[in-house]
Amino acid sequence: MRVLVIVVVLLVFFEGIECLDYGEALTKSLLFYEGQRSGKLPPNQRVQWRDNSALFDGSANRSTPNLEGGYYDAGDNLKLGFPMAFTITMLSWSTIEYSNKLKAKNEFQNAVTAIKWGTDYLIKAHPTADILYGEVGQSDSDHQCWQRPEDMTTLRTTYRIDDQNPGSDLAAETAAAFASASIVFRNIDINYSFQLLKHAQQLFAFGLKSPGIYQNSIPDAGKIYASSGYQDEMLWAAAWLYKATSKQQYLDYISSSSDSGGLRTAFSWDDKYVGAQVLVANLIMDGKAGSAATRLARFKQQGEEFICSCVGKGSNNFKKTQGGLLWFLPWNNVQYVATATFVTAVYSNYLNANKATLQCSAASLTPSDLTAFVKSQVDYLLGSNPLKMSYMVGFGSKYPQQIHHRAASIVSIKKDKRPVSCQGGFDDWFNKNAPNPNVLDGAVVSTDENDAYSDSRSNYQHAEPTTVTNAPLLGVFAHLA
């Protein structure tokens, strides 16, 4: 009788609580990238409401290479190299750290495919050592129209950096993408891996030789993804190149730098210092920093302080919403939560491998402490929040229905082939108070500072998903799955 009573009590307690399936979130985080594809879609395309788009990118000028392919960065139809390269770097880092877990969930090949869709495009965008195309599209033209990518009529202008128009940040971030991806492909396709590594080394040398901030050469991209500097990308690229090649020159570059970033307040597509700090910390912990370990200690200390501040045990802890979500910045805050939880997750792995703990100013943290924190943030995103809503589209029983996303918000061209005009898209679809006709599985959106969310396409600050958000979440979901 006592056992029966306990069972009944437990059933009542758990009634209405939705079990969070991290494996499903992992699957959908990758499915999202198929919804973001530009170019000719492959026969095994799983997001069936999408079709071929932007097939003639780069063809307007004979001197421009074929730039078909790659990813649209968010809910618009622009292809922007700076966030795209960061996306590929983080997808690669997620895949390197969690290859076994991805294989166990039958998602390793999907992760590799997502990376290659990006690197194939970036190879096209880097036709010679000192030329790199950093944007296709035109921001004002694109943002004045609401059209699905399959029949857009907006400008497809191409923009590049070269030896006369430098951009060390763009070059170095793309080098990091190539170097990290080369590690992923090392045991899959060695020739492709070598090809990626060659591009990475050329771009790092280009960034070193021709210093400068990329938006000075591509002002249009700077309207959306302006870089705050290039030293972080150069350190980040050097760390990945050392990890990929073991060449002393890249370690020397890092150890000779007078700028290790200091204590950072975020890790993002613009600010890579935390990523570089954590990679260097791993080198030190694994005994791969050699005689440079002492000079590099500041990287490790600063990276660890960032993680301590995320968990709430540091000297200057980051703010949280009332509901418990880390709060960094108002615009798409979830992207910063994604990177913060990722570095915390991988650091728990590094500690485990070295049988170590993290010494914060307020406490000593074990790997399981870090994982518990990661879980709290992920659970919030997937439904354990004040609104009891999943912020991942297609996950759970309650999720956003009107995300700010052109392709998702307009009927599939496969169902209705009539072209959607530039302004007609606003009249017929953007302003329509109804769920999007296409479910963009895996798209992740953000709350505001008060744990609230306005489910409206006009809420572009919170309701627009981005490729940079999902890339670190791939690793986070794999960590928990």
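**View 1. Tyr133 stands opposite Arg160 in β3.** The model shown is predicted: local features need pLDDT of at least 70, side-chain atom pairs count only at pLDDT 80 or more, and totals for chains, interfaces and linings use all residues. Residues are numbered from 1 along each chain as its sequence is written, and side-chain values use heavy atoms, with hydrogens and water left out. Helices (H or I, at least four residues) and strands (E, at least two) are DSSP runs, numbered from the N terminus. β2 and β3 pair in the antiparallel sense over four bridges, where two strands pair if DSSP finds at least two bridges between them.

**View 2. The open sheet has three strands, in the order β1-β2-β3, with antiparallel pairing.** Because β1 (79-80) and β3 stand at the edges, each with a single partner strand, one side of each is left without a neighbour in the sheet. Helix α7 packs on this sheet and touches β2 and β3, its direction making about 100° with that of β2; angles run from 0 to 180 degrees between N-to-C directions, and axes are lines fitted to C-alpha atoms, for helices over the stretch in contact. In a regular strand the side chains alternate between the two faces of the sheet. In β3, Tyr159 and Ile161 form the covered face, whereas Thr158 and Arg160 form the uncovered one.

**View 3. Helix α7 is largely enclosed by the rest of the structure, since 17 of its 17 residues are buried.** Buried means under 20% relative accessible area, exposed over 50%, and partly exposed in between (1.4 Å probe, protein chains only). From its first C-alpha to its last, α7 reaches 24 Å, close to the 24 Å expected at 1.5 Å a residue, the expected span of a helix being 1.5 Å times one less than its number of residues. Thr174, which is found in helix α7, is buried with a relative accessible area of 1%. Leaving aside its neighbours within four places in sequence, Thr174 is in contact with Ala85, Leu122, Leu132 and Leu203, contact meaning heavy atoms within 4.5 Å.

**View 4. Gly167 is found in the loop between β3 and α7.** The relative accessible area of Gly167 is 2%, and the residue is therefore buried. Apart from neighbours within four places in sequence, the residues in contact with Gly167 are Ile161, Ser210, Gly212, Ile213 and Tyr214.

**View 5. Helix α8 (residues 190-209) packs through its buried residues against α5 (108-125), β2 (132-136), β3 (158-161), α7 (168-184), α10 (231-245) and α11 (248-256).** The end C-alpha atoms of α8 are 29 Å apart, which agrees with the 28 Å that its 20 residues should span at 1.5 Å a residue. The buried residues of α8 include Tyr192, Leu196, His199, Leu203 and Phe206.

**View 6. The axes of α8 and α10 come within 11 Å and cross at roughly 145°.** The contact is made by Leu197, Ala200, Gln201, Phe204, Gly207 and Leu208 of α8, together with Met234, Ala237, Ala238, Leu241, Ala244 and Thr245 of α10. The crossing of α8 and α10 is left-handed; a crossing is left-handed if the near helix is turned anticlockwise from the far one by less than a right angle, and right-handed if clockwise.
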